[in-house]
Amino acid sequence: MDPFRFPGLPSRVVFGHGTLVEVPREMEALGRSRAVVLATLGQRGQAEALATLLGDRAVGVIAEAVMHTPVAVTEAAVVRVRALDADCVIAVGGGSTTGLGKAIALRTDLDQIVVPTTYAGSEMTPILGETLDGAEPGHRAKTTQKSEKIRPEVVVYDVDLTLGLPAGLTATSGLNAIAHAVEALYAQDRNPIVSLMAEEAIRALARALPVIAAVPRDRAARADALYGAWLAGACLGTVGMALHHKLCHVLGGSFDLPHAETHTVVLPHAAAYNAQAAPEAMARVARALGAVDGPQGLYDLAASLGAPISLSAIGMPEAGLDRAAEAAVANPYWNPRALERGAIRRLLNDAFQGRRPDAAV
Ligand SMILES: NC(=O)c1ccc[n+]([C@@H]2O[C@H](COP(=O)([O-])OP(=O)(O)OC[C@H]3O[C@@H](n4cnc5c(N)ncnc54)[C@H](O)[C@@H]3O)[C@@H](O)[C@H]2O)c1
C-alpha cells in the first residue's frame, strides 16, 4: 500500500427524505438566528417555502443566483445581506446557488447551510469559481480559489427536493458528479477512503440514472443518485482534480458553455486521454459502471440517457478549440499523463464531434 494522508470530511451532513424540516434545528445548532435564503429566480418558490418554515429566523430571500457566480451579483447580494444584518446564508439549489452562498461567505465569513437540489457536489468543497462580468464570451476569465471560509458548515440533503429535477439536468448533473469521482480515482493525492467513495459514487449514480430516466420520481433511485452525488462531492472536496476539470473550467468560463453538459461531453474523452497512464483507476471506473472499458462505458451511459455527447451540440464554437487547447496547457498542473497540446487538441476535436472513444487497450 502506498503511503497516504486523509484530511477527514469536515462538513456536517444530514441525508434523507423530508429533511428540509431539520434546517431550523441545524441553524440553531450553529447558534444562528437570522438567515438569508438564496436561490435562482426559477427556485424562488422553494426558497420562500423554506423562509416560511424558518419563520422569524429568516430575514430575507435573495433569488438572484446565476451560473458561474458573477462577481457583480455577489457584491449586490453582500450589500443586502449586510443591510439585513443576517448571521448565516442558506442556499437552496444547484451549484450556482451554492456558489453565491460561498462567495458571500468568503466576503463576510457568515456560516452556510446548503440544501442541494442537483448532483453538482459544490456543497462539499472549499472551492469557489467566480467570473468577472463585462468581458466577451471567449475572453471571460473564471478564477478559482480555495479557502475554509468557502466550505459550507452544514449540508442538508433532502431527496424529496430532487424528485422534480428535470430529466436533462438529472442526466448531465449526475455525469458531472461521476466526473469528480473518476478524477478522484487517479488524483495525485488520492487515498484509499476517497477511492472507495469514488467507486461507490460511480456505482450508485450509474445504477440510479437509468432508473430515473424511465421513472423520474422513483424515490429509491433518487436517493441512490443523491447519495452518489454526496460521495462524489466529498471526493471533489478532498483530493485534487486534473485534466478533465481543467478543460471544463476553461470551456465553461471562457465560452459560457453550460456546466453540467460540458462535464458530460468532455468526461469520456478526458478519461480516454488518461486511461493508459491510470490503468487501476480506469479498471475501477469500468467495474463501477459494469462496463468492459471505462471511457467507453462513460460515453455509452451518457448516450443511453439521451444526454448531449458533443461540444458542437452545446454551443461550442469550432473556432475556439485551438484557444481552449492552448488554455488547457497554459498553466501546468498535475495530470496522470503529461499535458500534450496536440493530443489535447485532438481530444477536444473528438469531444466537439461526439466521437465514441477508442477502447483503452
Ligand atoms: N466550486 C465547486 O466545488 C463546484 C462544484 C460543482 C459545480 N460548481 C458550479 O456550479 C454551477 C453549476 O451547478 P449545477 O449544474 O447544479 O446547475 P445550476 O445550479 O446552475 O442549476 C441549473 C438550473 O436548474 C435549476 N434547478 C436546480 N435544481 C432544481 C430542481 N431540483 N428542480 C428544478 N430546477 C432545479 C436551477 O435553479 C437552475 O436554473 C457552475 O457554476 C459550476 O461552476 C462548483
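I take helices (H or I, at least four residues) and strands (E, at least two) as DSSP runs, numbered from the N terminus. I note that the model is predicted: local features need pLDDT of at least 70, side-chain atom pairs count only at pLDDT 80 or more, and totals for chains, interfaces and linings use all residues. Residues are numbered from 1 along each chain as its sequence is written.

**Entry 1**

I looked up Glu148 and placed it in the loop between β7 (142-146) and β8. For burial I count the other C-beta atoms, placed from the backbone, within 10 Å of a residue's own: 20 or more is buried, 12 or fewer is exposed, and in between is partly exposed. Glu148 is exposed, because 7 other C-beta atoms lie within 10 Å. From Glu148 to Gly8 I read 13 Å, C-alpha to C-alpha, across 140 residues in sequence.

Val13 belongs to strand β1. With 14 other C-beta atoms within 10 Å, Val13 is therefore partly exposed. I count two residues as in contact if their C-beta atoms, placed from the backbone, lie within 7 Å. Once neighbours within four places in sequence are set aside, Val13 is in contact with Val155, Tyr157 and Trp230. Val13 and Val155 are 142 residues apart in sequence, yet their C-alpha atoms are 4.9 Å apart.

**Entry 2: the sheet**

In what order do the 6 strands form the open sheet? I read β1-β8-β5-β4-β2-β3, with parallel pairing. Two strands pair if DSSP finds at least two bridges between them. From one strand to the next the twist averages 15°; angles run from 0 to 180 degrees between N-to-C directions, and axes are lines fitted to C-alpha atoms, for helices over the stretch in contact.

I then examined individual pairs. Strands β5 (residues 111-116) and β8 (residues 154-158) run parallel and are joined by 2 bridges; Ile113 has Val154 in β8 as its bridge partner. Between β2 and β3 I find 4 bridges in the parallel sense, and Val36 has Gly60 in β3 as its bridge partner.

In a regular strand the side chains alternate between the two faces of the sheet. For β2, I find both faces covered: Ala35 and Val37 on one side, and Val36 and Leu38 on the other, are all buried. Helix α2 (residues 44-54) lies across β2 (35-38), β3 and β4 (88-93), at about 180° to β3. Helix α4 (residues 95-108) lies across β2, β4 and β5, at about 165° to β4.

**Entry 3: α9 against α13**

Helices α9 (residues 259-274) and α13 (residues 341-353) pack at about 145°, with axes 9 Å apart. From α9, I list Val265, Val266, His269, Ala270 and Tyr273, which meet Ala343, Leu347, Asp350 and Ala351 of α13. This contact has 7 nonpolar, 1 polar and 1 charged residues. I count Ala, Val, Leu, Ile, Met, Phe, Trp, Tyr, Cys and Pro as nonpolar, Asp, Glu, Lys and Arg as charged, and the others, Gly among them, as polar.

**Entry 4: the ligand shell**

How many residues surround the ligand? I find 31, the closest being Gly94, Gly95, Ser96, Thr118 and Ser122. A residue is near a molecule if its C-beta atom, placed from the backbone, lies within 6 Å of it. At least two shell residues come from each of α4, β6 (127-131), α5 (167-185) and α9. Helix α4 supplies the largest share, 4 residues. By class, the shell has 10 nonpolar, 21 polar and no charged residues.
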